[in-house]
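Below is a briefing on one protein model.

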Amino acid sequence: MNNFYKLFQKLLWNSRLIIIVAVLTGILSTFIMIIIGTYEAYEGVLELINIFNYSDFSLRSHYIIEHIVNSVDIYLIATVLLIFSIGLYELFIAKLDDDEINIKRSGVLVIKNLEQLKSKLAQTIIMILIVNFFQKATKISYNNSLELLFLGCSIFLIAIAVYFTHYKE
């Protein structure tokens, strides 16, 4: 019975290695999002090159801003995927050995526990939401002072949210 118990514990402990599938998928998804974000930025550059071929400059500049903001949004999603993948690897598989791979990591990629991973992901997701808000706010036409007041209040609430994400620091 003791051998069965040890075998079961070993099997249970090694089952954590299935997380490697999520890590690899996350890294692959990061690369895909980087490619998509780069393509969006490229589209913005093409709009900039062609801006002088159009009579309505403000409409074309709006498309340039849209492409650039989209690329930032996509890059932030790629960042979430990368942080998530590295965090899962360090929490469930093994710590990345800085000396062995001869790198100096920034504090962003150092994940010591699940709470820290959740916190880093939440901060990055808040940044994605801010970029999405900016993207939507640039598309709206403000016709009266009440709409501008709502925009100002929204920006104030976003600032408070960012403040509270860094409140502990």
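**Overall make-up**

Starting at the N terminus, the elements of the protein follow the order α-α-α-α-α. There are 5 helices and 0 strands, where helices (H or I, at least four residues) and strands (E, at least two) are DSSP runs numbered from the N terminus. The model is predicted: local features need pLDDT of at least 70, side-chain atom pairs count only at pLDDT 80 or more, and totals for chains, interfaces and linings use all residues. Residues are numbered from 1 along each chain as its sequence is written, and side-chain values use heavy atoms, with hydrogens and water left out.

**Totals**

- Of the 169 residues in the protein, 22% are buried; buried means under 20% relative accessible area, exposed over 50%, and partly exposed in between (1.4 Å probe, protein chains only).
- Among contacts in the protein with a separation of 6 or more, 67% join residues 24 or more positions apart; a contact is heavy atoms within 4.5 Å.
- The protein has an accessible surface of about 12,100 Å², and carbon and sulfur atoms account for 70% of that surface (Shrake-Rupley method, 1.4 Å probe; for residues, only the protein chains shown count as cover).

**Core**

- The largest nonpolar core has 9 residues: Val-69, Leu-76, Val-80, Ile-83, Ile-111, Leu-117, Leu-121, Ile-128 and Val-131. At least two residues of this core come from each of α3 (57–93) and α4 (114–139).
- Such a core is a set of buried Ala, Val, Leu, Ile, Met, Phe, Trp, Tyr and Cys residues joined through side-chain atoms within 4.5 Å.
- Beyond its neighbours within four places in sequence, Val-80 is in contact with Leu-121, Thr-124, Ile-125 and Ile-128.

- Ser-71 is located in helix α3 and is buried, at 4% relative accessible area.
- Apart from neighbours within four places in sequence, Ser-71 is in contact with Gly-37, Glu-40 and Ala-41.
- Helix α4, of 26 residues, reaches 38 Å from its first C-alpha to its last, close to the 38 Å expected at 1.5 Å a residue; the expected span is 1.5 Å times one less than the number of residues.
- The buried residues of α4 include Lys-120, Thr-124 and Gln-135.

**Surface**

- Met-1, Phe-4, Phe-8, Leu-11 and Leu-12 form a nonpolar surface patch, with about 640 Å² of accessible area together.
- Patch residues have over 30% relative accessible area and no salt bridge, and nonpolar side chains (Val, Leu, Ile, Met, Phe, Trp, Tyr) are joined within 5 Å; a salt bridge is a side-chain nitrogen of Lys or Arg within 4 Å of a carboxyl oxygen of Asp or Glu.
- Leu-12 lies in helix α1 (residues 2–14) and is exposed, at 52% relative accessible area.

Note on methods
Patches are made of residues with over 30% relative accessible area and no salt bridge: like charges are joined within 9 Å, nonpolar side chains (Val, Leu, Ile, Met, Phe, Trp, Tyr) within 5 Å.
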